[in-house]
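Reader: I would like to go through the labels given to this model and see what stands behind each of them. Please set each value against its cut-off.

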Amino acid sequence: MHLLLHMGNYKTGSTFLEHLCYVNADRLCAHGIYYGKALDAPICSHAQFSHSVLREALTHLGFFSFVEDHPLWNYIQETPQSFLTALKKEALAKQCDTILLSHEGMFCECFRTLIGLHGHNFDGRKFSINPLDADILDAVLAQYHRSLHDVLLKAFSPVDINIILYQRETKDYLISQYNQFLKAPWYEKNPGDHLPDFQSFLSYAPVREDVSYPLEILSSFYGKDAVSFRAYEDVREDLAGDFFSQMHLPKEFAAQCKLPDKAARNESLSQETLDFILRFLSPEQARDPKLQALLLTYSQAHPDPPGSH
């Protein structure tokens, strides 16, 4: 069995690639690559798998009690082991010898976004640890990848594992992640009345600017040659082509792919819309799904002028 792990990172077209794989799952399957489980909702299930691994890592470290009231856990119905068992069964039934798993938080930001910008607890208790502390974040990251590696080997051994990674240039990454935060603020118990401006956002170290440590972790578990690490800016004009080329698919595969619906993509909001959110909305209001849909519709109808970025 061969595993392909697409780990993101955030803000590198991951949502587009995941939906692209979803609407072309049958074509991938014809080339022996299974994008499950299951074909009715693989994107959601892959995210649930990634977070179920995080839950096991946090439990191992004794940290899970600090985040057990997060609403995310309500959606996770399976253990990593049961998910992979079913996934393997489905792939073999489809006569596929390669499985593609994709979740953008898998690389290094899964826990950081889970705990919210300010690192608040979710049931009113105080942390006995500072979840924003770099040593804590590193410990969780290392245990997450240890748990992931262990569960993959137990489910699929013998197995070849390759990792596909994209990383955005730091300045653009920070700006894009801030805009994403305004679009859908990370869950927090007590988010306050106002959304932070850009500099305040950066003061909480919301993402890893230096990804050398997570790359070192991946290399230690899977081998350096198994990790494909691309600069997003170098391939963004033909992201799909680059992505599928790493699966050794023919060049024409990407060109012949059916494109996902526009609504299925994580579209950026116009600067005017972002400014409105920052100026007038509270974090709670910005998380309202109906208001988010309305703002996206407005943004699509009033895009930024060409060359404004």
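Reader: Why does Lys11 count as buried?

Author: Lys11 has 15% relative accessibility, and buried means under 20% relative accessible area, with exposed over 50% and partly exposed in between (1.4 Å probe, protein chains only), so Lys11 counts as buried. This is a predicted model, in which local features need pLDDT of at least 70 and side-chain atom pairs count only at pLDDT 80 or more, while totals for chains, interfaces and linings use all residues. Residues are numbered from 1 along each chain as its sequence is written, and side-chain values use heavy atoms, with hydrogens and water left out.

Reader: Is His248 buried or exposed?

Author: His248 is exposed, because its relative accessible area is 71%, against a cut-off of over 50%. Phi of His248 is near 60°, again positive in a residue other than glycine. The residue belongs to the loop between α11 (239-245) and α12 (252-255).

Reader: Why is the pair of Phe243 and Phe244 called tilted?

Author: Rings of Phe, Tyr and Trp (its six-membered ring) pair if their centres lie within 6.5 Å; planes under 30 degrees apart count as stacked, over 60 as edge-to-face and the rest as tilted. Here the centres are 5.4 Å apart and the planes make 55°, so Phe243 and Phe244 form a tilted pair. Phe243 is buried at 1% relative accessibility, and Phe244 is buried with a relative accessible area of 1%. The structure holds 11 aromatic pairs, and one aromatic cluster is formed by Tyr178, Phe181, Trp186, Phe198 and Phe201.

Reader: How do you know that the charged end of Arg27 sits over the ring of Phe253?

Author: The distance to the ring centre is 4.2 Å. The label requires NZ of Lys or CZ of Arg within 6 Å of the ring centre and within 35 degrees of the ring normal, so Arg27 over Phe253 qualifies.

Reader: What makes β2 (33-34) and β5 (227-231) edge strands?

Author: The open sheet has 5 strands in the order β2-β3-β1-β4-β5, with parallel pairing. Both β2 and β5 pair on one side only. Two strands pair if DSSP finds at least two bridges between them; β4 (residues 160-167) and β5 have 5, so they count as paired, in the parallel sense. Within this pairing, Leu165 stands opposite Phe229 in β5.

Reader: Which residues lie nearest the centre of the second largest pocket?

Author: They are Cys108, Glu109, Arg112, Leu137 and Arg208, out of 20 lining residues. The elements giving two or more residues to this lining are α5 (110-114) and α6 (134-156), and α6 has the largest share, 6 residues.

Note on methods
On a 1 Å grid over the protein atoms alone, a cavity is a set of points where a 1.4 Å probe fits but cannot get out, and a pocket is an open set with protein on both sides within 12 Å along at least five of seven lines; lining residues have an atom within 4 Å of a point. Helices (H or I, at least four residues) and strands (E, at least two) are DSSP runs, numbered from the N terminus.
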